[in-house]
Amino acid sequence: MLHKRLMQIILFAVLLCCVSSLGSAVAAKSVTGIRLSETGTGVSCSFACPDYPYLLVKYKTADESGILVLTGRNGQFEGEIPLPCKQKAKNLKIEIKTPSERLLDKATFDLNDVKAPETRKVSSGAAAKVKDLTLTPGDKYVDYSFTAPGHHQAIVQFSSVMQKGQLIVDEQGDGRFSGRLLLPCANAKDSVTVTVSGLNNRKLASDKVRLLFVPPDVSYVAEEGPLKGVKVCLDPGHQGLEVHGGRVHQYPGSEKLVSGGNSTMGQGAVTLRKESIAVLEISYRICRRLRELGAEVTMTRWVEEVSVTNMERAEYANEQGADYFLRIHLNMSSEGNNNAIYVYGPSNSPYAKAVMPIEQYRDVAQTILDAMKESTGVKGGVVRMSDQFVGNNWSKMTTFLIECGFLSTPANDWILTTDDYQEKIAQGMVEGLQAVVEGRLKKFVFH
Ligand SMILES: [Zn+2]
C-alpha cells in the first residue's frame, strides 16, 4: 500500500456504507426471477441481473447470518446459502446488494419442518466456567471441544466478518462436548470468535482462532509452452509476521538511507482481509498459470508465517537468476473509491539501467498493465517509474511492483475475495508477461 492512514479509510468506508444504505430505498431494481429452494445443506439461490458482474447476497435466519459474493455469468447469478446451524429458524431473509452495498432487492423464504431441539435443564452445581475450550482451525471450519460438567446441552456461538451463527449442542457423556463449525462463507485467515454458554445463557468460555490457508496444488509444470526457459520470481507482498529490515541504501550507489523492511500493509475496508493473504492467494494463481505455459517459477514466500524484508526479496530473486521479478500488492487510498491498477518500475537504479533503457522498461510495464486492464475490465491504470521501492531498485532483472486493486474500495475488497476475480488478475498479468517475452510490446519492439 502507499498511504498509511488506515483509520481514516475505515471511517470513510463506514460513512460510505451509511450513505449507500440511505440511498437504497430509491435504488433502481434490476434483479429479476429470484428463485429460492431448499437443498439438504441450505437454500439454493438464483436470479438474473444484467447490470453488475458481482453481487452480494446477505442472508439471515434466527440461527445464523452471512454474506455470499456471487459472480454473474451472462447476467445469471447462482449459489447456495449455507445453513449449517438451522435449528429453530422458520424463515430466511435475503438482501441482494451491489458490492458498494446498494440494495437491489430482497426476499423472504419459508423454511420447511424446522423443529427446535428439546432443551434439558442445567443440573444444580453445574460448571460456572469452562477452562479447556480448544479450537482447532481448518480451511473453512473450526473444530471445538470442551468439558462442562452438569451441562447436558450448551450454546455454541461463532462469529467472523463474513458469517455468524449459533447452535445448541448436546453433551456426549462425562460433560464432554465437541463438534465442527462450518464456515463456507469465511475466507482464509479470517478471525473467528467462538463463545460457549449454558442454556441459562451464562457465558462459560470464549476464544478466538484464525482459519487456515490451504494452498492450491501448483506442482504441474508443462514440458513445453510459450514460456519454456523463462524464469519468473513472484513476490507476494508483506507477510503474517513482523519484519525488521533496518536502514539500507535506496538503490546501488545511492547515498540516501531508507527502510529496508516492509511497508505497512493494506486491509479490506469491509472484509478486514489482510493484504498479505489476498496477494498470496493471487500469487498462487499466477504461479499455476505461468507453470502451465512452461515457465520456471519460484516465490519469495509460500505461506503467511514468515518474515522477509524487501531487501531480502530482491536478493532472493537475484540468487534465483530470475528473468522477471513480479511483486504482487494491493493498494489503499484515503481519497475516495479508487478502482485502478498501478505498475511501478525502477527509475534510477544502475541495476535497472543495466537491464534495459528506462523508457523501454516503461513500455514493458505498459504492456503488462494493458493486459491486466483488459482481463479485469478495470478502466483506470498507471505506469510509474520511481525510486520508491527498495525491492525494485536492488533487483538485477526486469521487475515491477504491481498494485492489483484497492482494498480500501469496498467493491474492490468484496470481489477480491472471489476465485473468479483473482483469476482475472492472474490471467491479465500472465498474458501481459507472455506478450513481453514474445516481444509484442505496445509501442516498443526490442530484440
Ligand atoms: Zn502492499
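A nonpolar core is a set of buried Ala, Val, Leu, Ile, Met, Phe, Trp, Tyr and Cys residues joined through C-beta atoms within 7 Å. In this predicted model, the largest such core has 110 residues. The largest share of this core, 9 residues, comes from helix α2. The residues with the most contacts inside the core are Val-57, Val-232, Val-343, Ile-368 and Met-429.

The domain assignment divides the protein chain into domain 1 (30-110), domain 2 (134-210) and domain 3 (231-437). The centres of domain 1 and domain 2, taken over C-alpha atoms, are separated by 25 Å. In the contact between these two domains, domain 1 takes part with 10 residues and domain 2 with 10 residues. On the side of domain 1 that touches domain 2, the largest share, 5 residues, comes from strand β4 (residues 64-71).

Strand β3 (residues 54-60) pairs with β4 in the antiparallel sense, over 7 bridges. Which residues does Val-57 touch, not counting residues up to four places away in sequence? They are Cys-45, Leu-68, Leu-70, Gly-79, Ile-81, Ile-94 and Ile-96. Val-57 is one of the residues with the most contacts inside the largest nonpolar core.

An open sheet of 3 strands has the order β8-β9-β12, and its pairing is antiparallel. At its edges are β8 (134-137) and β12 (176-182), each of which pairs on one side only. From one strand to the next, the twist averages 15°. Strand β9 (residues 141-147) is joined to β12 by 7 bridges, with the two strands running antiparallel. In this pairing Asp-143 faces Arg-180 of β12.

Strand β10 (residues 153-159) and strand β11 (residues 163-170) run antiparallel and are joined by 7 bridges. The link from β10 to β11 is a hairpin through 3 residues. Val-156 has Leu-167 as its bridge partner in β11. Strand β10 also pairs with strand β13 (residues 191-198), in the antiparallel sense over 6 bridges. Ile-155 stands opposite Ser-197 in β13. In a regular strand, side chains alternate between the two faces of the sheet.

An open sheet of 6 strands runs in the order β18-β15-β19-β22-β20-β21, with mixed pairing. The edge strands, β18 (296-299) and β21 (380-385), each pair on one side only. Neighbouring strands of this sheet are turned against each other by 20° on average, direction ignored. Within the sheet, strand β15 (residues 231-236) and β19 pair in the parallel sense over 5 bridges. Val-232 stands opposite Tyr-324 in β19, and Val-232 is also among the residues with the most contacts inside the largest core.

Helix α2 lies across β15, β18, β19 and β22, running at about 145° to β19. Is α2 largely enclosed or largely open? Because 15 of its 18 residues are buried, α2 is largely enclosed by the rest of the structure. The end C-alpha atoms of α2 are 26 Å apart, which agrees with the 26 Å that 18 residues should span at 1.5 Å a residue. Just after α2, Gly-294 takes a positive phi of about 95°.

Helix α8 (residues 419-437) has 19 residues and reaches 27 Å from its first C-alpha to its last, close to the 27 Å expected at 1.5 Å a residue. Its buried residues include Tyr-421, Ile-425, Met-429, Leu-433 and Val-436. An α-helix has 3.6 residues a turn, so residues three or four places apart point the same way. The buried residues of α8 pack against α2 (275-292), β19 (324-331), α5 (358-376), β22 (398-406) and α7 (410-415). Met-429, buried in α8, is one of the residues with the most contacts inside the largest core. Just after α8, Gly-439 takes a positive phi of about 75°.

Methods
Residues are numbered from 1 along each chain as its sequence is written. This is a predicted model: local features need pLDDT of at least 70, side-chain atom pairs count only at pLDDT 80 or more; totals for chains, interfaces and linings use all residues. Helices (H or I, at least four residues) and strands (E, at least two) are DSSP runs, numbered from the N terminus. The expected span of a helix is 1.5 Å times one less than its number of residues. A residue is buried if 20 or more other C-beta atoms lie within 10 Å of its own, exposed if 12 or fewer, and partly exposed in between; C-beta atoms are placed from the backbone. Two residues are in contact if their C-beta atoms, placed from the backbone, lie within 7 Å. Two strands pair if DSSP finds at least two bridges between them. Axes are lines fitted to C-alpha atoms, for helices over the stretch in contact, and angles run from 0 to 180 degrees between N-to-C directions. Domain bounds come from an automatic or database domain assignment.
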